Amino acid sequence: MNWKFLKMLFIRRYKLQKISKKVISADIYAPLAIGILALVLWDIVVRVNHLPPYILPGPILVFQTLIRDWNDLFSSLLITLQITVFAFIAAVISGLLIAILFTQSKWIERSLYPYAVILQTTPIVAIAPLIILWLKNNTFAALVVCAWIVAFFPIVSNTTLGLNSVDRNLLNLFQLYKASRWQTLLYLRLPSAMPYFLGGLKISGGLALIGAVVAEFVAGTGGANSGIAYRILISSYNLQIPRMFAALFLTTGSGVLIFVSLSTLSDLILRKWHESAMKDEK
């Protein structure tokens, strides 16, 4: 019998159990317990106060409505997610390129950065009707532009901060060895900015979904190509509050899934070399 192999297998199994126990107990059990407690309290409040469904439906009724209307709600959610994905990709590409442009020239950064701030602070509800009017022949593109405006700034801001936060000693070393501007960007600035960039992604992903939903509210598009916001509006107008809550739960769940996915991606990229993603093995 190969005792060395068995020992190695036992040690590996013990480490995996230890890691999984930490992850499950800390990251799953606590929020799951809080969520179950909130649902129980919600159900108790509805039952004790005898609240009608058009005021506040119970969680069981909302779940039943979600199952019953799954096909309609999920098809609308997919349309909203399409807008979210396109807007998010556009925000990532444009935000990264503009942040790189800012770091290549301080004059460009000082000239254009305030306009990025203005774009972020302008209420999307106020300018969405204009964008939809300008792109009236392509409503989908108009919705993507609205969602892009909301998701754009966190990537520009975080990535610019990361690109400007390089170690000055390393920067002087690159200058000493006469590295070109693009070599410094590729081998020093971009790796240093990676945690900031990934942090911006986690913020931008949720904002892209919010921007898509808000744009759909303003556009008021209906029919077969309507997004989840239209389902929420129609349900509220018709006092179908359980259906409205079901649509809200789908939207919220999608936002959580986007954040978890981007957080997992960030951990996979950073866990080998950056302190923010390294796990404490104690």
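Visitor: In which helix of this model does valine 48 lie, and is valine 48 buried or exposed?

Guide: This is a predicted model, and in it valine 48 belongs to helix 1, which covers residues 3–49. Valine 48 is exposed, because its relative accessible area is 58% and the cut-off for that word is over 50%.

Visitor: Which residues make up the nonpolar surface patch?

Guide: Ile28, Tyr29, Leu32, Ile36, Leu37, Val40, Leu41, Ile44 and Val48 form the patch, whose area is about 850 Å².

Visitor: What is the mean pLDDT of the protein chain, and how many helices and strands does the chain have?

Guide: The mean pLDDT of the protein chain is 84, with 85% of the residues reaching 70 or more. The secondary structure consists of 10 helices and zero strands. Of the 282 residues, 35% count as buried, while the chain exposes about 17700 Å², of which carbon and sulfur atoms supply 69%. Among the contacts between residues at least 6 apart in sequence, 73% join residues that are at least 24 apart.

Visitor: How should I read a salt bridge, and how many are counted here?

Guide: Side chains of opposite charge can pair when their charged atoms come close. In this model the count comes to four salt bridges. Aspartate 43 counts as buried at 17% relative accessibility, whereas arginine 47 is exposed, with a relative accessible area of 51%.

Visitor: Which salt bridge ties together parts that are 174 residues apart in sequence?

Guide: That is the pair of arginine 243 and aspartate 69, whose closest N and O atoms are 2.9 Å apart. Arginine 243 lies in helix 10 (residues 241–270) and aspartate 69 in the loop between helix 2 (59–68) and helix 3, so the pair ties together parts that are 174 residues apart in sequence. Both partners count as buried, arginine 243 at 13% relative accessibility and aspartate 69 at 11%. The pair also belongs to a network of salt bridges that links Arg68, Asp69 and Arg243.

Visitor: Where do glutamate 109 and lysine 106 lie, and how do their side chains meet?

Guide: Both residues are in helix 4 (residues 106–121), where they stand three residues apart, about one turn of the helix, and their side chains meet in a salt bridge of 3.4 Å, N to O. Glutamate 109 counts as buried at 14% relative accessibility, while lysine 106, at 42%, counts as partly exposed.

Visitor: How do I read the two sides of a helix, taking helix 5 as the case, and which of its residues are buried?

Guide: The idea is to look down the helix axis and ask in which directions the buried residues point. In helix 5 (residues 124–134), Ile124, Ala128, Ile131 and Ile132 are buried. Seen down the axis, the buried residues of helix 5 fall within an arc of 95°, so they line one face of the helix. Ala126, Leu133 and Trp134, on the other side of helix 5, are exposed. The cover over the buried residues includes helix 6 (139–163) and helix 8 (181–219).

Visitor: Which residues does alanine 99 contact, leaving aside its neighbours within four places in sequence?

Guide: Alanine 99, which lies in helix 3, is in contact with Val156, Thr159, Thr160 and Leu163 once those neighbours are set aside. At 0% relative accessibility, alanine 99 counts as buried. Its C-alpha atom is separated by 9.4 Å from that of tyrosine 113, a residue 14 places away along the chain.

Visitor: What does glutamine 104 touch, not counting residues up to four places away in sequence?

Guide: Glutamine 104, likewise a residue of helix 3, touches Arg181 and Leu185 when those residues are not counted. Glutamine 104 counts as buried, because its relative accessibility is 17% and the cut-off is under 20%.

Note on methods. Residues numbered from 1 in each chain as written. Predicted model: local features only at pLDDT ≥ 70, side-chain atom pairs only at ≥ 80, totals over all residues. Heavy atoms only, no water. Buried < 20%, exposed > 50% of the residue type's maximum accessible area, 1.4 Å probe, protein only. Helix = DSSP H or I, 4+ residues; strand = E, 2+ residues; numbered from the N terminus. Arc of directions from axis to C-beta. Contact = heavy atoms within 4.5 Å. Patch = residues over 30% accessible without salt bridge, like charges linked within 9 Å, V, L, I, M, F, W, Y side chains within 5 Å. Areas by Shrake-Rupley, 256 points an atom, 1.4 Å probe, with all protein chains shown as cover. pLDDT = per-residue confidence, 0-100.
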